[in-house]
Amino acid sequence: MLQFRWSPDGTALPIARSTEPVAAGPGKRLAVRAVLDVSNGAGGWTMRFYVAEHIGGPWSLLGEPVTGSGVTAIFAGTAPLEVGDIGSVGFASAEREIWAFELRNGIDGPLVAAPDFTVQASGAASFTDAAGVLWQVENQARISDRHIRFAVEISEWPPRWTPSGADVWVPIEAAGVLRRMGQGAKALDSTLRRRIPSYQPLAYWPMEDGREATQASSPIAGLSPLRLTRANWAAVDSLPSSGALPTLASNSGSLPMMDGRVPASSGSLSGWSVQFVYRLDSVPADLRTFLRIRSTGTVAEWYLQQQNNGARILGRNDDGGTVVSQDIGTTNDLFNQWMRVEFRVTQSGSTVEWVIRWTDVGGDAGSFSGTFTGTIGRPTAVASPPDGYSPLLDGMAIGHISVWPTATTAAYDGAIDAWTGESAINRMVLLSAEESVALALAGDQASSEAVGAQLPAALLDLLAEAAEADGGILYEDRTRAALRYRARTTLYNQSPALALAYAGEVAPPLEPVDDDQHVRNDVTVSRSGGSSARVVKESGPLSIQAPPAGVGRYDEALTLSLAHDHQAEPIAAWRVHLGTVDEARHPTVRIRLHKAPHLIPAVLALGIGDKIRITDLPPWLPPGPVDLIVTGYSETFGIRTWDIEFTCNPAGPWTVGVTDDVLLGRVDTDGSHLAAALDQAAASVPVHTEDASWVTAGGEFPFDVRFGGEVATVTGITNTADTFTRTLANTWGTASSGETWAEVSGAASDRSVDGTRGIITLAAAPSTLRFQTLTGPIGDCEVRVRMAVSQVATGASRVPAVLLRYADQSTYYRARIHFATGGGMFASITRDTTQIGGTPQLPYSYTAGAQFELRVKLTGQLIQMRVWPTGTAEPTLWHHAETIVTNPIGSGAVGLSASAFAGMTNLNPQLFYDEFALVTPQRFTLARSVNGIVKAHAAGTDLRLAQPAIVAL
């Protein structure tokens with residue numbers, strides 16, 4: 001986020017923050033702008049943030065305007081204007097380079113300061129800017145034109161010489177900071193052990209000591225160890241935020257004894273507190289003391305007692321008299337899990353308030369409080385009961401006992417859960433700060449993966465663990481002894497940072513590799529300590545199917561530090577996506593900068609994770625451009641040469657969907673293919689889709705599709721349909737989608753359109769089939785139409801039908817509705833006039849003019865049909881389905897037919913048709929070969945969006 005602070009009066013420092021993060025990769029140049037309207041006309045102020053590639057713009061608004069109540073001002077002080085690290089403002093320092101700065105008097109007002117550091121002499125100590133302001137370079141700042149390519153630590157420089165001593169030299173071995181960090185690094189302490197001392201308790205004993213320990217040491221300088229007898233040290237390690245803790249273990253009447261002395265505070269106290277964690281998996285039936293606290297107040301000894309159904313807070317004075325005795329109703333929730341206990345007292349006049357609070361580690365909390373008249377004193381010790389811990393508490397794990405000079409502390413917050421649920425980026429920031437390791441980050445915490453428990457491990461392992469969970473890149477900073485992390489989200493949808501023409505800018509050899517090195521089509525991701533999820537790519541060229549349908553199974557299983565089980569499945573899906581990109585790899589790209597010096601500025605700015613684009617590829621390679629993500633590089637300097645070789649991975653999988661984006665906001669179908677053969681010059685083709693149809697609204701075009709390696713631009717999509725809103729006699733004429741009905745068999749006078757429906761009258765020879773075809777030839781398809789009859793049948797059924805794969809009067813399929821005698825309804829499927837299978841009765845009856853919807857789906861040789869009354873919900877089941885086995889037909893025209901069975905006695909019955917729609921295929925109008933591939937394509941060729949929206953992780 002961008003932040004802006006100003007002072008209206010020289011003292012106060014209000015702050016405004018942008019509503020969106022700044023999207024900039026590590027080491028990338030970016031201009032930012034903050035505009036403050038001190039009086040927005042609505043009784044308040046407004047701040048707007050902008051970003052641009054250069055300080056000259058053009059500027060883009062970052063997020064929404066930020067407003068505040070009350071008119072503000074900017075204090076006219078006498079302090080010097082500073083650019084760089086300004087400690088008094090309170091912003092954290094960050095590694096940076098600054099090219100220019102502008103300060104204007106008013107919004108878009110005149111410049112009052114405008115230093116351009118890029119035009120100053122390297123090493124200049126002062127200069128005057130274009131606005132006449134004198135600038136001094138102070139402290140660690142410097143003006144430099146140096147580009148650091150490798151900041152290293154030298155691990156070896158052994159002297160060498162010739163026997164004569166004429167030549168003496170020192171070869172050096174150098175490496176970045178990762179080499180040192182990876183050598184002999186000890187595991188970091190537990191999160192509680194690292195966190196609690198930083199809050200300056202009076203006393204703290206982690207109790208994470210080894211198995212042979214006899215006392216608990218403290219990380220606080222000068223604090224005496226806590227004594228604990230009859231304990232099994234390092235016995236329980238199930239608390240993620242802690243090392244192994246001891247358990248109580250009495251032995252034949254010899255009870256565990258504990259005592260830890262608390263030093264006096266430096267001043268008087270208005271409150272103090274004690275905290276500790278415990279776990280007891282057996283439930284005592286009687287009250288037993290979990291902790292005794294000694295103090296100098298009215299209550300000299302506090303006893304914190306618990307049992308299966310209650311707790312008691314007992315406070316006694318120096319004489320053993322009872323000052324506090326409070327029973328508290330509790331449940332078994334205080335057992336069989338890790339619990340955090342907080343006991344605190346505060347002084348208010350002559351009244352002492354005490355509070356006890358139990359918190360399930362990672363869960364709920366409950367508390368109880370009370371008061372008495374007296375003083376709180378100061379805590380002097382934490383201990384077991386005077387005669388030792390009861391055998392009923394054997395097996396209780398206890399640890400991280402701390403004593404505080406305040407009633408409350410945030411020392412345990414977050415750390416007690418081992419920071420479970422924090423973002424991967426936040427974990428890296430905190431770890432690097434704790435261990436004083438410089439780390440530059442690019443990415444947004446809000447989109448960073450939530451990570452699991454931070455267990456004791458080496459720093460580099462913990463950083464790598466977070467990076468792997470998030471899916472970004474952790475690498476060395478080339479300009480200093482530091483690390484960089486580039487979050488996964490910064491790799492999405494990048495513009496090329498370096499554009500290269502194959503001829504003249506890419507040094508040989510550029511060798512694409514089409515191999516299986518990175519193929520992963522079956523990925524299982526497990527959450528460390530949790531459940532797992534498996535994602536398998538079951539169809540497509542890189543699926544688990546045996547060749548040639550796929551490539552066989554390439555599986556992978558990994559365990560990640562994740563906060564929640566539900567994270568595993570989308571991460572597994574993302575890894576399958578990355579592992580099934582059907583494109584060749586270009587493992588290395590080499591540039592000879594001494595041959596192409598015009599590329600030097602762009603190469604110097606290029607960083608790990610940036611995108612390279614190579615254009616103008618030779619004709620024997622697939623048409624470009626080729627987009628690559630840089631994952632590393634090697635650089636070689638000679639006396640007169642400068643070579644750099646980038647290690648790369650395909651950038652294609654990092655192009656992800658963006659809502660409402662014209663190019664990246666389009667969702668692909670589950671499957672589409674050419675419904676007819678397409679020659680190399682045809683400008684339209686029917687396209688069949690398995691489920692949802694393609695868009696047809698004019699505002700959706702153009703967009704690109706890919707089929708058989710060719711990319712074409714779709715300029716329009718139409719559905720074959722007819723709403724019959726015309727009036728005609730002796731023909732059906734032209735459908736509302738523009739195609740002409742072809743009419744075969746029967747008299748012309750049998751056909752008519754009355755303005756709302758198409759009509760076929762069975763005036764003579766009603767058993768003679770009348771065919772109406774509208775489009776074809778096509779193979780797979782889906783048709784919907786509305787049907788009705790003018791009379792209830794007498795003698796025999798009338799059978800309007802959807803006509804499929806019509807080639808001639810003896811070669812076709814039909815999906816029929818039988819409008820039977822007595823109002824009954826049936827369904828049947830035929831190959832020409834031969835019925836295939838049975839005639840199931842439909843769950844409806846009809847009357848004259850009653851309308852019914854018919855949907856028919858033809859896939860391969862499987863014909864499915866369902867029927868429902870118009871105006872009711874479409875059923876999900878298919879009422880009838882048959883597979884054509886004998887004399888199957890590959891393709892043909894689509895349309896309608898009408899006839900009746902022999903024996904029908906109605907006079908001039910009419911069959912009505914309306915709302916005819918060829919749901920699929922749809923007709924695509926194309927601009928062909930936009931990627932240079934010119935070829936013909938067979939029916940059935942898969943068709944997809946050239947750039948489908950991929951759901952990002």
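Colleague: Why is the pair Asp 722 and Arg 726 called a salt bridge?

Modeller: In this predicted model, the side chains of Asp 722 and Arg 726 meet at 2.6 Å, N to O. A salt bridge requires a side-chain nitrogen of Lys or Arg within 4 Å of a carboxyl oxygen of Asp or Glu, so the pair at 2.6 Å qualifies. Asp 722 and Arg 726 are both buried.

Colleague: What makes Arg 520 and Glu 556 count as a salt bridge?

Modeller: The N to O value for Arg 520 and Glu 556 is 3.9 Å. The cut-off is within 4 Å, so the pair is counted. The bridge links distant parts of the chain, 36 residues apart: Arg 520 is in the loop between helix 5 and strand 35, and Glu 556 is in strand 37.

Colleague: Why is Arg 520 called partly exposed?

Modeller: Its relative accessibility is 27%. Buried means under 20% and exposed means over 50%, so a value in between is partly exposed. Glu 556, at 24%, is also counted as partly exposed.

Colleague: How do you know that Asp 259 and Arg 294 meet in a salt bridge, and which strands hold them?

Modeller: Their side chains are 3.1 Å apart, N to O, and the limit is 4 Å, so the pair passes. Asp 259 lies in strand 20 and Arg 294 in strand 22, so the bridge ties together parts that are 35 residues apart in sequence. Asp 259 has a relative accessible area of 13%, and the limit for buried is under 20%, so Asp 259 is buried.

Colleague: How far does helix 6 reach from its first C-alpha to its last?

Modeller: Helix 6, residues 568-579, reaches 16 Å, close to the 16 Å expected for 12 residues. Its buried residues include Ile 571, Trp 574 and Val 576. The cover over the buried residues of helix 6 includes helix 4, strand 35, strand 36 and strand 37.

Colleague: Why is His 673 called buried?

Modeller: The relative accessible area of His 673 is 15%. That is under 20%, so His 673 is buried.

Colleague: What lines the largest cavity?

Modeller: The lining consists of Pro 686, Thr 720, Thr 775, Ile 778, Leu 918, Pro 921, Gln 922 and Arg 923. Those residues divide into four nonpolar, three polar and one charged. Strand 51 and strand 63 each supply at least two of the lining residues. The volume of this cavity is about 50 Å³, and the search finds four cavities of 30 Å³ or more.

Colleague: Is Asp 660 buried or exposed, and where does this residue lie?

Modeller: Asp 660 has a relative accessible area of 73%. The mark for exposed is over 50%, so Asp 660 is exposed. Asp 660 lies in the loop between strand 41 and strand 42, and has a positive phi of about 65 degrees although it is not a glycine. His 400 is another residue other than glycine with a positive phi, near 50 degrees. His 400 lies in strand 30 and is buried, with a relative accessible area of 0%.

Colleague: What makes the peptide bond from Phe 701 to Pro 702 stand out?

Modeller: The bond is cis, with omega near 0 degrees. Pro 702 is in the loop between strand 43 and strand 44. The bond from Pro 508 to Pro 509 is also cis, with omega near 0 degrees, and Pro 509 is in the loop between helix 5 and strand 35.

Definitions and conventions:
Residues numbered from 1 in each chain as written. Predicted model: local features only at pLDDT ≥ 70, side-chain atom pairs only at ≥ 80, totals over all residues. Heavy atoms only, no water. 1 Å grid on protein atoms, 1.4 Å probe; cavity = no way out; pocket = protein on both sides within 12 Å on 5 of 7 lines; lining within 4 Å. Points joined across faces, edges and corners; volume = space filled by probe spheres on them. Helix = DSSP H or I, 4+ residues; strand = E, 2+ residues; numbered from the N terminus. Nonpolar A, V, L, I, M, F, W, Y, C, P; charged D, E, K, R; others polar. Buried < 20%, exposed > 50% of the residue type's maximum accessible area, 1.4 Å probe, protein only. Expected span 1.5 Å × (residues − 1). Contact = heavy atoms within 4.5 Å.
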